[in-house]
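I opened this model to look up its salt bridges, its surface and its pocket. My notes follow in the order of the look-ups.

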Amino acid sequence: NGERLQVVGIYATGNDFGDNHVFVPLETFRRIFKPGDKLSKIRVTVDTVANVEAVAADLKRIPGVDAVTAAEQVSTAKTTLGTMTAATLYGAMLLFIIGGVLVVFVMVLAMRERIREIGTLKALGASNLEITKQFLAEVAALILIAGVGAVLVAALSLEILQRNLGMVTSLDRNTFGLIILGGFAFASIGSLYPIIKGVRLSPVEAMKSN
């Protein structure tokens with residue numbers, strides 16, 4: 001808030017939660033932030049680890065005081081982070097499966113409309129393998145274009161989050177690689193059914209199909 005402060009030292013405990021703090025003298029804090037006389041938190045340092053539980057028990061006897069040890073804070077943080085990680089993983093898996101089903105559905109509908117094209121290619125002398133390679137190449141090209149678009153959208157979203165919310169974020173190459181490979185797999189599955197159906201038909205039957 002425009003106040004000039006003197007840094008008297010930088011400490012490191014080796015613990016991410018412990019190091020994520022800035023300590024200022026109590027009177028300096030009151031002068032800058034004007035919180036009043038009430039304190040919301042007091043850090044107590046015990047002389048030995050063996051006395052932590054006893055001191056915490058003594059503090060809890062004071063009316064209105066809730067004493068939490070560092071071990072309890074770390075345990076709570078780990079539990080919270082574990083829950084968030086599991087929820088994120090399950091949500092990502094669910095979205096991935098839904099996206100895969102949609103890709104298969106769209107590819108089946110799109111490829112069924114191209115059975116006549118398969119018949120025309122067969123009438124021109126194209127082999128079943130050549131037809132399959134051609135359509136799978138188209139699928140690969142579409143998935144690659146979609147993947148590039150997803151990377152651009154994600155990069156733009158991360159930039160917006162970093163500017164507006166100050167969040168430190170990064171692009172995970174492995175995740176995008178998995179998405180592209182999964183998209184190609186689902187698209188291939190959705191394409192193979194109408195392709196196989198089309199190559200099994202004679203050119204005349206395929207060209208007459210709706």
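**Salt bridges**

I started in helix α2, where Arg30 and Glu27 are 3 residues apart and so separated by about one helical turn. Helices here are DSSP runs of H or I with at least four residues, strands are E runs of at least two, and both are numbered from the N terminus. The model is a predicted one, in which local features need pLDDT of at least 70 and side-chain atom pairs pLDDT 80 or more, while totals for chains, interfaces and linings use all residues. Residues are numbered from 1 along each chain as its sequence is written, and side-chain values use heavy atoms, with hydrogens and water left out.

Arg30 and Glu27 form a salt bridge, with 3.6 Å between the closest N and O atoms. The term requires a side-chain nitrogen of Lys or Arg within 4 Å of a carboxyl oxygen of Asp or Glu. I noted Arg30 as partly exposed at 23% relative accessibility, and Glu27 as exposed at 53%. The classes are buried under 20% relative accessible area, exposed over 50%, and partly exposed in between (1.4 Å probe, protein chains only).

How many salt bridges does the structure hold? I found 3. In another of them, Glu3 pairs with Arg31 at 3.2 Å between the closest N and O atoms. This pair links distant parts of the chain, 28 residues apart: Glu3 is in the segment before α1 and Arg31 in helix α2. Glu3 is partly exposed at 41%, as is Arg31 at 45%. Asp58 and Arg61 also meet in a salt bridge, at 2.3 Å from N to O. Asp58 is partly exposed at 45%, whereas Arg61 is exposed at 62%.

**Nonpolar patch**

I then looked up a nonpolar surface patch of about 860 Å², whose members include Leu5, Val22, Phe29, Phe33 and Ile42. Patch residues have over 30% relative accessible area and no salt bridge; nonpolar side chains (Val, Leu, Ile, Met, Phe, Trp, Tyr) are joined within 5 Å, like charges within 9 Å. Areas come from the Shrake-Rupley method with a 1.4 Å probe, and for residues only the protein chains shown count as cover. Phe29 lies in helix α2 and is partly exposed at 33%.

**Largest pocket**

Which residues lie nearest the centre of the largest pocket? I listed Lys41, Ile42, Arg43, Val44 and Gln73, among 46 lining residues. Elements giving two or more residues to this lining are α1 (16-19), α2 (26-33), α3 (52-60) and α4 (70-112). A pocket is an open set of points on a 1 Å grid over the protein atoms alone, where a 1.4 Å probe fits, with protein on both sides within 12 Å along at least five of seven lines; lining residues have an atom within 4 Å of a point.
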